[in-house]
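Subject: Structure handover

Hello,

Here is the structure for your files. My notes on it follow below.

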Amino acid sequence: MGFQTIVDLIGSSVIFGWLFLITMTASTGNKEDFQANQGELLCQQNLVELTKLLEYDFRKIGFCKEPDRLPNPTLAILLADSTRIKFLTDLDLDGTGPDGFVDSLYYYLGPLGEIRGGMNNPRVRILYRAVNNLPVAGSNLGVTNFKLTYYDRFNNVIPTPVLPAQLQSIFSIQISLSVENVVASAIVETAPQNTQFQTAFWQQRRLSSRNYQNR
Amino acid sequence: MGRQALLMVIGYSLIFLMTGAMMSNSTVDAFNNAMNYYEGNITREIAISAANMGANYIFVNKPLMNSNPWWNGWTTPIKLNGGTFTVTMDSVQDMYGRWGRIRMTAVARYGDSTYTVSVLFRPSQFSKFCLYAGSMSGVYFEPSDSVFGPCHIDGTLNYGNPGGGPMTYGAYFGGKVTTKSGIAALTNPAKLPTFAQGREDGVSIPLSLNTSQLVTEAAGNLFSGGELWLNFKNDSVAWKRSKTGTVTTQAISQIAPNGVIAIDKGTLYIQGQLDARLTVASLRTSGSTGGTVIVKDNVTYKTDPRVDPLCKAMLGVVGYGAINIDTTGAHNNFTVQGSLYSQTSGVQVVNYNTRPRGNLYVLGGWCGTQIYATSNGTTAGLPVNVTYDERFRVDAPPYFPGTNAYEILAWYE
């Protein structure tokens with residue numbers, strides 16, 4: 001083997017190694033970006049689904065298909081706190097529409113640390129939805145913040161927990177919701193932990209049920 | 001360029017194209033997700049707008065009210081904000097099978113989304129008020145006054161402390177308050193009342209007694225002239241034509257199949273315990289006499305609707321003139337359960353400044369052109385406690401005077 005051949009081999013090995021490294025780096029980066037994008041997408045989808053559910057339910061505070069069974073809708077809110085609310089409404093329980101009987105609906109945020117695991121987001125909590133006395137339902141959609149702020153008719157904030165005597169003063173509710181990725185998106189821990197979880201935030205200002213104050 | 005180099009370029013290009021496509025898919029999905037939410041919101045806004053426009057039509061044109069024609073809605077799709085909507089109308093019964101309510105359904109379409117809003121209306125009646133006054137001439141809501149239900153003043157709502165002295169707090173209104181001409185303080189500084197459910201000015205709801213309808217519904221049981229004494233005995237009523245007249249007892253369903261007992265150009269006396277839905281009226285179809293109601297003793301329901309959800313009894317007391325509390329029982333505390341309506345006067349306590357001191361408890365509502373003093377404030381008369389009957393938010397005694405407007409009972413979306 002001549003000198004020129006050895007130089008060619010060394011040169012080609014260096015070039016191959018260089019190209020290989022580029023490929024690997026690009027591949028890892030792409031995977032991370034892809035994972036992050038997917039995480040972002042998932043996060044947004046979770047947020048939209050939660051938002052739709054909250055809007056759907058909260059717009060029915062005080063609603064009953066048979067109003068005679070709930071004559072005073074201003075009594076519909078039974079409990080109001082910064083992370084929990086219980087109210088009366090008429091739910092579509094079997095997919096055929098509201099049945100004309102009053103149901104209770106209770107939303108509350110679970111405690112931190114309910115979800116454990118290596119890659120799990122430590123800030124994620126479960127948002128529970130309890131209908132009447134049926135088993136409580138909750139799913140891990142990455143909720144990290146669920147905050148309710150209550151306003152009276154004159155736009156004054158009502159301190160929480162809202163006292164029973166003040167429940168009828170509630171005129172509108174501000175809902176703040178933050179959703180994060182439930183698991184870390186980074187394959188290699190190159191990023192700080194906080195940036196491994198994509199975040200989406202939604203806030204509905206002054207959501208007011210049309211039924212709640214209609215009489 | 002060699003073949004290998006060409007293959008390498010093609011290979012890298014394919015890898016980057018695939019990566020780009022995957023990234024692009026995520027972005028497109030995220031965009032679609034956002035657009036889906038946006039589209040849903042736009043569709044909802046169109047449906048809400050349609051429902052509001054439909055409701056406005058109903059409020060203005062009042063279908064089936066005062067001989068107005070029925071309205072079918074807008075059944076041909078109407079374009080709005082890039083989408084379309086339709087509005088359909090339906091006449092519906094309440095849970096007891098009674099007709100009179102109407103349902104409006106607004107359906108909006110935008111792109112692939114559909115959104116439906118269903119609104120239930122009923123003819124609005126004066127029994128929905130805990131307190132209604134045509135005017136408050138010379139009368140004021142004082143610090144000790146409280147109204148725990150819907151209140152309307154078809155004039156100016158006066159407040160202050162006519163007794164003089166400093167005010168540390170104002171009157172309390174626990175329900176929604178509407179006025180025609182706003183509020184006015186007797187003296188300044190006077191403490192503003194608390195309007196827990198807010199206040200809306202510029203709302204005019206004049207009293208409106210449809211005498212001919214009550215005459216029609218009373219039908220053959222319309223008494224004319226003189227006196228009519230009614231003593232309710234649950235689902236029956238003992239009646240006589242004078243204080244010492246012959247008593248006749250009849251089932252309410254027999255004497256008032258439509259739920260209305262009325263006397264025209266005479267005086268109506270009432271007392272007793274009721275277990276039926278009934279409106280009693282003292283009318284004045286013509287002339288200048290009659291139309292007065294006199295409450296002689298307790299008028300109560302068989303069971304208290306506040307604790308008995310099955311209580312079906314509901315009373316409306318309608319007078320063209322005053323509704324006088326002229327109780328002569330051995331006791332000084334009296335109870336009147338029902339919605340009281342006076343077209344040209346109000347509820348008055350006879351000899352309020354000389355009669356023995358007691359209390360008048362009203363469960364229902366109180367409507368009249370004027371509010372009158374019921375006690376002298378210290379030693380005589382009947383201070384009044386009006387508690388709202390929550391059933392009147394959605395229900396009313398038979399043919400109770402209406403406001404000539406519809407109101408929304410339920411909004412479903």
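In chain A, strand E2 (residues 84-89) is joined to strand E3 by six bridges, and the two run antiparallel. Strands here are DSSP runs of E with at least two residues; helices are runs of H or I with at least four; both are numbered from the N terminus. Two strands count as paired if DSSP finds at least two bridges between them. A:Leu88 stands opposite A:Ser104 in E3(A).

This is a predicted model: local features need pLDDT of at least 70, side-chain atom pairs count only at pLDDT 80 or more, and totals for chains, interfaces and linings use all residues. Residues are numbered from 1 along each chain as its sequence is written, chains are lettered from A and ligands numbered from 1 in the order in which they are written, and side-chain values use heavy atoms, with hydrogens and water left out.

Back to E3(A). Strand E4 (residues 125-131) of chain A also pairs with E3(A), antiparallel, over five bridges. There, A:Tyr108 faces A:Tyr128 in E4(A). How many of the seven residues of E3(A) are buried? Six are, and the strand (residues 103-109) is mostly covered. Buried means under 20% relative accessible area, exposed means over 50%, and partly exposed lies in between (1.4 Å probe, protein chains only).

Chain A as a whole

Chain A has one helix and eight strands. Along the sequence the pattern reads α-β-β-β-β-β-β-β-β. Of its 215 residues, 44% are buried. Take the contacts (heavy atoms within 4.5 Å). Among those in chain A between residues at least 6 apart in sequence, 62% link residues at least 24 apart. The accessible surface of chain A is about 10800 Å², and carbon and sulfur atoms account for 59% of it. Areas come from the Shrake-Rupley method with a 1.4 Å probe; for residues, only the protein chains shown count as cover.

Chain B as a whole

Chain B has three helices and 28 strands. Its radius of gyration is 30 Å, well over the 22 Å that the globule rule gives for 413 residues, so chain B is more spread out than a compact globule. The radius is taken over C-alpha atoms, and the rule is 2.2 Å times the number of residues to the power 0.38. Along the principal axes, the C-alpha atoms of chain B fill a box of roughly 125 × 55 × 40 Å.

Buried residues are 50% of the 413 in chain B. Of the contacts in chain B between residues at least 6 apart in sequence, 64% join residues at least 24 apart. Chain B carries 29 positive and 25 negative charges, and their mean positions lie 4 Å apart. Lys and Arg count as positive, Asp and Glu as negative; His and the chain ends are not counted. Each charge is placed at NZ of Lys, CZ of Arg, CG of Asp or CD of Glu.

Strands in chain B

Start with E21(B), residues 292-301. Eight of its 10 residues are buried, so this strand is largely enclosed by the rest of the structure. Strand E19 (residues 267-274) of chain B pairs with E21(B) in the parallel sense over seven bridges. B:Ile270 is opposite B:Val295 in E21(B). Strand E23 (residues 323-325) of chain B is also parallel to E21(B), with three bridges. The bridge partner of B:Val293 in E23(B) is B:Ile323.

There is also an open sheet of three strands in chain B, ordered E6-E9-E12, with parallel pairing. Strands E6 (146-147) and E12 (194-195) of chain B stand at the edges with a single partner strand each, so one side of each has no neighbour in the sheet. Strand E9 (residues 172-173) of chain B runs parallel to E12(B), with two bridges. B:Tyr172 is opposite B:Thr194 in E12(B).

Two residues in chain B

B:Thr179 is in strand E10 (residues 177-179) of chain B. It counts as buried, at 0% relative accessibility. Leaving aside neighbours within four places in sequence, the contacts of B:Thr179 include B:His152, B:Leu157, B:Arg199 and B:Asp201.

B:Ser242 sits in the loop between strands E16 (236-240) and E17 (248-251) of chain B. Is B:Ser242 buried or partly exposed? B:Ser242 is partly exposed, at 27% relative accessibility. Beyond its neighbours within four places in sequence, B:Ser242 is in contact with B:Glu227 and B:Trp229.

Best wishes
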